[in-house]
Amino acid sequence: MASTKIKKNDLVVILSGKDKGKTGAVLETNYKKQTVIVKDVNKKTKHHKPSQENQEGKIEKKEFPIHISNVGYMVKKGNAQNKGAEASKIGWKTDAKSGQKQRYLRKTKKVLGGK
């Protein structure tokens, strides 16, 4: 199975949608659905009905998935209001010496590491 380009704990910038320009760390990736969950981004309110176990019910705010094409790896941090952060898409290339597959930033050509 192929590896994903964006991995858990990567710092990413949202490239499109209502949260465009916001930054955060990836909490979870779903390779099959090609989605990621980013901390404090795309938060929605979920209502839970009362049940036998939970007599009260509850209202919960949680992060929902974002398609992987709408996020980019953070190259440069922005200011305190998440403005001005730069992002780059991630590509693959093989190391000439070891022959291992490596992630690299397409914008800066910097290698991120192994699989």
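Reader: Where is the place of arginine 106?

Author: Arginine 106 sits in the loop between β10 (101-105) and β11 (111-113). Strands are DSSP runs (E, at least two residues), numbered from the N terminus. This is a predicted model, in which local features need pLDDT of at least 70 and side-chain atom pairs count only at pLDDT 80 or more, while totals for chains, interfaces and linings use all residues. Residues are numbered from 1 along each chain as its sequence is written, and side-chain values use heavy atoms, with hydrogens and water left out.

Reader: Is arginine 106 buried, partly exposed or exposed?

Author: Buried means under 20% relative accessible area, exposed over 50%, and partly exposed in between (1.4 Å probe, protein chains only). Arginine 106 counts as partly exposed because its relative accessibility is 43%.

Reader: How many salt bridges are there?

Author: A salt bridge is a side-chain nitrogen of Lys or Arg within 4 Å of a carboxyl oxygen of Asp or Glu. By this rule there are three salt bridges. In one of them, aspartate 10 pairs with arginine 103, with the closest N and O atoms 2.9 Å apart. This pair links distant parts of the chain, 93 residues apart: aspartate 10 is in the segment before β1 and arginine 103 in strand β10. Aspartate 10 is buried, at 9%, and arginine 103 is buried, at 7%.

Reader: Which residue forms a salt bridge with aspartate 19?

Author: The partner of aspartate 19 is lysine 22, with 3.3 Å between the closest N and O atoms. Aspartate 19 is buried, at 9% relative accessibility, whereas lysine 22 is partly exposed, at 34%.

Definitions and conventions
Helices (H or I, at least four residues) and strands (E, at least two) are DSSP runs, numbered from the N terminus.
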